[in-house]
Amino acid sequence: MTTSFPMNAGDGPYSYFKNSHLQKEVLDGSKEMVRDAITEKLDIKIMLSSSNTLHIAEFGCSVGPNTFIAMQHVVQVLKEKYHNINILEFQVFFNDHVTNDFNALFRSLPIDRSYYAFGVPGSFHGRLFPSQSIHFAHSSCAIHWLSKIPKELLDEKSPAWNKGLIHYVGSSNVEVVNAYVAQFEKDMEMLLNARAEEIVEGGMMVLVTPFASYVRLMGFFGSSLKDLVNEGKLDESLFDSFNLPMYFPSPEDMTKVVEKNGCFSIERMELTYPKSKLVDEADAKTLMINLRTSLEGLIINHFGSEIAEEACARTILKSEEISTWMKVNYEKPSQLFVALKRK
């Protein structure tokens, strides 16, 4: 059974819809690589021998607007490549957990879109489509979400009890790291097995995910929660039992799971680096509000709304400290791009 971790719904001040600039940076950073993968590696002429409709799946769509930007880019590149197929049509399937705010998603669908839009609720760790029905699949800022928190982290007597931290990054306990890695491998095995059934031979799947430096920013939320523990406002054991259900894979992690699956060839895998720039306090505050839209639901679910509100507010107030950290770490790899082709 998978657990749902939806982004903040609606269009309020802390909604994902209004605060997903960080995810858009990841998306923008992969656009040319997506274009290259489609242009150089995808050949749909044989796939379309019996139909002129191309099926595209977007996994982890959330509520927009980034998902629409990504899908319009994919459709445009395909149109440019196959401009001689005049009657080519596109179906885009927007997928996310059943608890996702699909109402907000479809209320904001672009009017001038050049594809037919469908919603597909359900976890992408399992089957979602008929066999051999998808030509191109895309996912950005989604596969690092685990299907559930590793059970070893929930047992106080376990060697993987992650005391004092909310994640594996920064932990000196190898058992904690191993628990996260094992859960990621199980989840990716399920995801790849499902996509191997659904994607046509020669079809492609592009996966883009932030790299581990990204999760260190989430550690500032952990430090705010720890401050509340030190002030006696939060029970320490409750804090110690909180862990983020995310694992940010390395190229070695991805290569291992893809090769074990055996159904896909790795056409491109690359760690990318952002352009050099200084990050001021305003940027840091914006980034923390972005992360709040992703984490707030998790924090509320574990600690309650009052603690969540205070922890999030305190974290945003740490913008000077966060800005200093980012200036030092901004040149480190920020995202991993993987292009896979169905054998």
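**Helix packing and nonpolar cores in a predicted model**

Reader: At roughly what angle do the axes of helix H1 and helix H2 cross?
Author: In this predicted model, helix H1 spans residues 21-41 and helix H2 spans residues 66-81. Their axes come within 10 Å of each other, and they cross at roughly 15°.

Reader: Are H1 and H2 roughly parallel or roughly antiparallel?
Author: The axes of the two helices cross at roughly 15°. Angles under 35 degrees count as roughly parallel. The crossing is right-handed. H1 and H2 are therefore roughly parallel.

Reader: Which residues touch the most other members of the largest nonpolar core?
Author: This core holds 68 residues. Leaving aside residues up to four places away in sequence, Met-205 touches Leu-191, Leu-192 and Phe-264, among others. Another core, of 34 residues, lies apart and has Val-34 and Val-77 among its members. In the largest core, the residues touching the most other members are Met-188, Leu-192 and Met-205.

Reader: What distance separates the C-alpha atoms of Leu-128 and Ala-194?
Author: Leu-128 is placed in the loop between strand E3 (116-121) and strand E4 (134-140). Beyond four places in sequence, its contacts include Phe-59, Arg-195 and Glu-198. Leu-128 and Ala-194 are 66 residues apart along the chain, and their C-alpha atoms are separated by 7.8 Å.

Conventions. Residues numbered from 1 in each chain as written. Predicted model: local features only at pLDDT ≥ 70, side-chain atom pairs only at ≥ 80, totals over all residues. Heavy atoms only, no water. Axes fitted to C-alpha atoms, helices over the stretch in contact; angles between N-to-C directions. Helix = DSSP H or I, 4+ residues; strand = E, 2+ residues; numbered from the N terminus. Parallel < 35°, antiparallel > 145°, perpendicular 65-115°, else oblique. Left-handed = near helix turned anticlockwise from the far one by under 90°. Core = buried A, V, L, I, M, F, W, Y, C linked by side-chain atoms within 4.5 Å. Buried < 20%, exposed > 50% of the residue type's maximum accessible area, 1.4 Å probe, protein only. Contact = heavy atoms within 4.5 Å.
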